[in-house]
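User: I would like to learn how to read the features of a protein model, one at a time. Could we go through them slowly?

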Amino acid sequence: MKRLQLQNRILVVLFLFLGTTSFLFSQELEGENFKRNKLSFLMAYGIIPEHTSEDDNTSNSLFIVPTIGVNYDFLFTPKIGLGLHTDVILQKFVVEELKDDLKVERVFPITTNLMASFRPIENWTFLAGGGVELETNKSYPMICLGVDHGIELNESWELGFSFMFEHRLQAYNSYLLGIGFTKSLGKNIQYE
């Protein structure tokens, strides 16, 4: 129970930090061209610190699982956006719920999150949001924090590297390390 309270406090502090920095760095570049729609394809490794694998009997050790994802983002300005991010963990595993110490099997769970994005400086995007992890045995609400570093390949394509922290409420945590490609869609819009 103390561990859950500590994690919740850390997440509140991170949300406050991201919110505060968004006000400090919210200066927009006048006259900047941008495209409102972005579609990303992501390949990642999910790190689940506490688990029990179907393949072996180890638990409470580092467990790395393959993950794929598709993200759609709508940009309101060149620096602020909102998106739907969906990932699939390509592995079966068992986790222990934090509140009841109950073991729950996860079979290829799908996460879908509504994510706010903020790009205070070029190539760096901070993400925060929440959603749900869907799975046939049990679904969990979740919150996420992350950071992306993008390298522009041309006007429409970007190579991105991402790190994401995902907290399933009353369940388990995971970390995602990924690489992906983002395609900017639509016509250029002049931001004033």
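Analyst: Let us begin with burial: a residue is called buried under 20% relative accessible area, exposed over 50%, and partly exposed in between, with a 1.4 Å probe and protein chains only. This is a predicted model, in which local features need pLDDT of at least 70 and side-chain atom pairs count only at pLDDT 80 or more, while totals for chains, interfaces and linings use all residues. Residues are numbered from 1 along each chain as its sequence is written, and side-chain values use heavy atoms, with hydrogens and water left out.

User: What share of the residues in the protein chain is buried?

Analyst: Of the 192 residues in the protein chain, 42% are buried. The chain exposes about 10,800 Å², of which carbon and sulfur atoms supply 63%; such areas come from the Shrake-Rupley method with a 1.4 Å probe, and for residues only the protein chains shown count as cover.

User: How do I read strand pairing, and how many bridges join β11 to β12?

Analyst: Two strands pair if DSSP finds at least two bridges between them. Strands β11 and β12 run antiparallel and are joined by 11 bridges, with F165 having Y175 in β12 as its bridge partner. Their hairpin has four residues between the strands, and Q170 there takes a positive phi near 65°. On another pairing of β12, strand β2 (residues 37-48) lies antiparallel to it over 11 bridges, and K38 has S184 as its bridge partner in β12.

User: What are the two faces of strand β5?

Analyst: In a regular strand the side chains alternate between the two faces of the sheet. Strand β5 (residues 80-89) has G81, G83, H85, D87 and I89 on its covered face, whereas I80, L82, L84, T86 and V88 are on the uncovered one. As for its partners, β5 is joined to strand β4 (residues 63-75) by nine bridges in an antiparallel run, and a hairpin of four residues connects the two. Y72 stands opposite L84 in β5. With strand β8 (residues 110-121), β5 pairs in the antiparallel sense over nine bridges, and G83 stands opposite M115 in β8.

User: How should I read aromatic pairs, and how many does the structure hold?

Analyst: A pair of aromatic rings is described by the distance of the centres and the angle of the planes. Rings of Phe, Tyr and Trp (its six-membered ring) pair if their centres lie within 6.5 Å, and planes under 30 degrees apart count as stacked, over 60 as edge-to-face and the rest as tilted. The structure holds five such pairs. One of them, F163 with Y175, is stacked, at 6.2 Å centre to centre and 20° between the planes; because F163 lies in strand β11 and Y175 in strand β12, this pair ties together parts that are 12 residues apart in sequence. The rings of F165 and Y175 have centres 5.3 Å apart and planes at 45°, so that pair is tilted. F165 counts as buried at 15% relative accessibility, whereas Y175, at 29%, counts as partly exposed.
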